[in-house]
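Morning, everyone. I have one model to walk through, and I will keep it short. Here it is.

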Amino acid sequence: MRHMETIIKKIDKNHENTDIIGEAGRILKEGGLVAFPTETVYGLGADALNEDAAKKIYAAKGRPSDNPLIIHITNMKALEKIVSEIPEKAKKVAEKYWPGPLTMIFNKSDIVPYGTTGGLDTVAVRMPVHEIAREVIDAGGGYIAAPSANTSGRPSPTKAEHVAEDLTGRIDMIVDGGPVQIGVESTILDVTVEPPMILRPGAITKEMMEDVIGEVTVDKTLIKPDSKTVPKAPGMKYRHYAPKADLTIIEGPMEKVVEEINRRAKEKTDAGYKVGVIGTEETVDSYLSGDVKCIGTRADETTIAANLFGILREFDDDAVDFIYSESFDTAGIGSAIMNRLLKAAGHHIETLV
Ligand code: TXA
Ligand code: MG
């Protein structure tokens, strides 16, 4: 790919930033690529209705071309233009959880190019709540295709530095709005099927959606992956979020988990390997070997979601050989945390009794 200059502009909350937003909008309207923050992770934006622009995203990320993009909008009028119908249940979910960390799959309208949907007749749509994201989307014409702004296969970026690490020289601009709040990608709900189905867990949980529309199912490849069934969200089949190290999750009674991680970390360290340990505020002081990182507190699992991808990147930077991680509850945002952690571990989890 041809090397280009990447402009990096930091948004200052205390100042008028219309120049930066204006520049981002201009680049998007001209068919360029702009990375920007959302409340979940940083996105790599392009004009979703311009097939050539959308295609540049695949080249910049090294993303397989059958992996469709999410179109980001800021209002319901925009939704009507890009989908062929809005099911009643989707309206209810949108009323409650948009704008926010939720993506819904609809049947697409004719104006959405197949270059954006990876050849599918359906389209993923998200309405983010992040102020900078909304300003960039509107400035760019209102329909912005944006996957996570990482190189394909690396953990999603939770701060502008992560984007710069992966994409400098490959995209036109990075709008730096500081670290994101949530840290894992949006929930994906397919509303073209009945009952609606979750294709990727996120901060908006199954229970939260069932409160509004009744039964919601979960793509069964998310619960128990097997080689014969292909996930319904094409992106979920790739070994995403993968750190370079060999990651093992240890679950069981906390005392035993700490003891077992200590045993393995010491064994690998003694053998000359670099070892990383993922602990929590409740346990970090009990770990004795390796590079021990605190991912957050079990008292508030949103802290764990916020730190997950950043910690995996830090271990990459430190060229760690083995990582041992504690396991987490799957209630609330925990199902998103465990989904990403299990993928990072290639589903290598061991249970102690
Ligand atoms: O939080 C997020 O959703 C972030 C921010 C930037 O908005 N975006 C994001 O995009 O995570 P990406 O491209 O990294 O993940 C999109 C996922 C992929 O797994 C893709 O296969 C799936 O959504 N997807 C997109 N369109 C789809 C469709 N029509 N049917 C099924 N799955 C779809
Ligand atoms: Mg992604």
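**Charges, contacts and backbone**

Start with Glu16, in the loop between strand E1 (7–10) and helix H1 (18–29). Glu16 is exposed, at 66% relative accessible area. The terms: buried is under 20% relative accessible area, exposed is over 50%, and partly exposed is in between, with a 1.4 Å probe and protein chains only.

Some ground rules. This is a predicted model: local features need pLDDT of at least 70, side-chain atom pairs count only at pLDDT 80 or more, and totals for chains, interfaces and linings use all residues. Residues are numbered from 1 along each chain as its sequence is written, chains are lettered from A and ligands numbered from 1 in the order in which they are written, and side-chain values use heavy atoms, with hydrogens and water left out.

Back to Glu16. Together with Asp19, Glu131, Glu135 and Asp138, Glu16 forms a negative surface patch. Patch members have over 30% relative accessible area and no salt bridge; like charges are joined within 9 Å, and nonpolar side chains (Val, Leu, Ile, Met, Phe, Trp, Tyr) within 5 Å. Which element gives the largest share of the negative patch? Helix H6 (residues 131–139), with 3 residues.

Asp138 leads us to Thr74. Their side chains make a polar contact of 2.8 Å. That means a pair of N or O atoms within 3.5 Å; within protein, one must be able to donate a hydrogen and the other to accept it, and residues adjacent in sequence count only if both atoms are side-chain atoms. Thr74 also meets the side chain of Asn75, at 3.2 Å. Thr74 is in the loop between strand E4 (70–72) and helix H3 (76–82). Is Thr74 buried or exposed? Buried, at 8%.

Another threonine: Thr116, in helix H5 (residues 114–117). Thr116 is buried, at 0% relative accessibility. A polar atom of its side chain lies 2.7 Å from the backbone oxygen of Ala48.

Now salt bridges. The count is 22, where a salt bridge is a side-chain nitrogen of Lys or Arg within 4 Å of a carboxyl oxygen of Asp or Glu. Look at Lys293. Lys293 is buried, at 13%. One of its partners is Asp291, at 3.6 Å, N to O. Asp291 is partly exposed, at 29%. Asp318 also bridges to Lys293, at 3.9 Å. Asp318 sits in the loop between H11 and E15 and Lys293 in strand E14 (residues 291–294), so this pair ties together parts 25 residues apart in sequence.

Next, Asp316 and Arg154, with closest N and O atoms 2.9 Å apart. That pair spans 162 residues, from helix H11 to the loop between strand E7 (144–145) and helix H7 (160–167). Shared partners join Arg154, Glu165, Asp166, Arg313 and Asp316 into one network.

Last, the backbone. Most residues other than glycine have a negative phi, and most peptide bonds are trans. Ala319 has a positive phi, near 50°. His347 does too, at about 65°. Ala319 is exposed, at 51%, and His347 is partly exposed, at 37%.

Which bonds are cis? Trp98 to Pro99 is cis, with omega about -5°. So is Glu194 to Pro195, with omega near -5°.

Terms used: Accessible areas come from the Shrake-Rupley method with a 1.4 Å probe; for residues, only the protein chains shown count as cover. Lys and Arg count as positive and Asp and Glu as negative; His and the chain ends are not counted. The place of a charge is taken as NZ of Lys, CZ of Arg, CG of Asp or CD of Glu. Helices (H or I, at least four residues) and strands (E, at least two) are DSSP runs, numbered from the N terminus.
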